[in-house]
Amino acid sequence: LGALFEISQTLDSAGEFDDILAKIMDKALLIMEAERGFILLQDSDGGELGIRCARDRSGPIPGASAEDASRSLMNKVLDTGEPVLVGDALRQPEWKTRSMVANRIHSALCVPLRSGRETAGVIYVDHRSRVEAFTERDLAFFTTFALQAKTAIDSNRSYWRLLDGLFGASSDFVAVCARDGRITRANRGAVELTGLGLPSLHGRQVLELAAAEDRPAAAGLLA
């Protein structure tokens, strides 16, 4: 329970969408003691499925695709909506697939990311140096983790949809800042009011752009 509470606190964030996925994946790798992890997810319009995050213990896996994991395992979870545990892929005929052999995958967990009754994606982790690296208990925990992860994903997408609507509708200066005050997103109103292009605005300290009389209030928002 303590671990699940920590997960919910970590994922309860309005950060950039890719950062949320990275947090989810890093937590999954840490807690499940896995070597690699992938998130297969529909795009924000509920359309095409694709690998949205691929990480190992060192960080991002560049250019990763479903073929780098097990497409057949991911497809089974997508089709059935049921979590799957693979204990020793190279000794189980069902899972001794081309991708499993090519990527030397011994153990894997794959669980659904559900929106109601619909499976909108999966979270997958594996181990390439240990057989039976995961247990049925791990599978049950990882399934619960996926429920929290999907809630965080949906909340984050709703936040950015709302913000994008505000960006488009307002002619005022609207910006999103990192905790250190650097601008990470800005609207057309910010461009017109400052006379700076978006590339110039991104990374600038918002306090540099605030009028002198507005700086105390802006600093208070960043505190």
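This is a predicted model: local features need pLDDT of at least 70, side-chain atom pairs count only at pLDDT 80 or more; totals for chains, interfaces and linings use all residues.
Two strands count as paired when DSSP finds at least two bridges between them.

Let's step back for the overall picture. The protein chain contains nine helices and eight strands. It has 223 residues, and 41% of them count as buried. Among contacts between residues at least 6 apart in sequence, 52% join residues at least 24 apart. The accessible surface of the chain is about 12,100 Å², and carbon and sulfur atoms account for 51% of it.

Now back to the sheet. Six strands form an open sheet in the order β3-β2-β1-β6-β5-β4, with antiparallel pairing. At its edges are β3 (59-60) and β4 (84-86), each of which pairs on one side only. Helix α3 (residues 71-80) packs on this sheet and touches β1, β2, β4, β5 and β6. The direction of α3 makes about 145° with that of β6.

On one side, β6 pairs with β1 (residues 36-42) in the antiparallel sense over six bridges. Strand β5 (residues 107-115) also runs antiparallel to β6, and nine bridges join the two. β5 and β6 form a hairpin with two residues between them, and glycine 116 in the turn has a positive phi of about 65°.

Is it buried or exposed? Aspartate 126 is buried, because its relative accessible area is 0%, and the cut-off for buried is under 20%. The bridges show neighbours on two strands: aspartate 126 is the bridge partner of arginine 36 and also of alanine 108. Leaving aside neighbours within four places in sequence, its contacts are Ala34, Glu35, Arg36, Ile105, Ser107, Ala108 and Phe134. Its side chain also has a polar contact of 2.9 Å with the side chain of tyrosine 124.

What about the nonpolar residues? In soluble globular proteins, nonpolar side chains tend to be buried together. Here the largest nonpolar core has 25 residues, and those with the most contacts inside it are Leu21, Ile24, Ile39, Leu113, Ile123, Val125 and Phe142. Helices α2 (17-32) and α5 (136-169), along with β1, β5 and β6, each supply at least two residues of this core. The biggest contribution comes from α2, with eight residues. Apart from this core lies another, of 19 residues, including Leu40, Ala69, Leu78 and Val122.

Our last stop is threonine 194, in helix α6 (residues 188-194). Threonine 194 counts as partly exposed because its relative accessible area is 28%, which lies between the 20% and 50% cut-offs. Which backbone atoms does the side chain of threonine 194 reach? One is the backbone oxygen of alanine 190, at 2.7 Å, and another is the backbone nitrogen of leucine 196, at 3.2 Å. Not counting residues up to four places away in sequence, threonine 194 touches Phe173 and Leu201. Finally, the C-alpha atoms of threonine 194 and alanine 210 are separated by 9.8 Å, with the two residues 16 apart along the chain.

Methods. Residues are numbered from 1 along each chain as its sequence is written. Side-chain values use heavy atoms; hydrogens and water are left out. Helices (H or I, at least four residues) and strands (E, at least two) are DSSP runs, numbered from the N terminus. Buried means under 20% relative accessible area, exposed over 50%, partly exposed in between (1.4 Å probe, protein chains only). Contact means heavy atoms within 4.5 Å. Accessible areas come from the Shrake-Rupley method with a 1.4 Å probe; for residues, only the protein chains shown count as cover. A nonpolar core is a set of buried Ala, Val, Leu, Ile, Met, Phe, Trp, Tyr and Cys residues joined through side-chain atoms within 4.5 Å. A polar contact is a pair of N or O atoms within 3.5 Å; within protein, one must be able to donate a hydrogen and the other to accept it, and residues adjacent in sequence count only if both atoms are side-chain atoms. Axes are lines fitted to C-alpha atoms, for helices over the stretch in contact, and angles run from 0 to 180 degrees between N-to-C directions.
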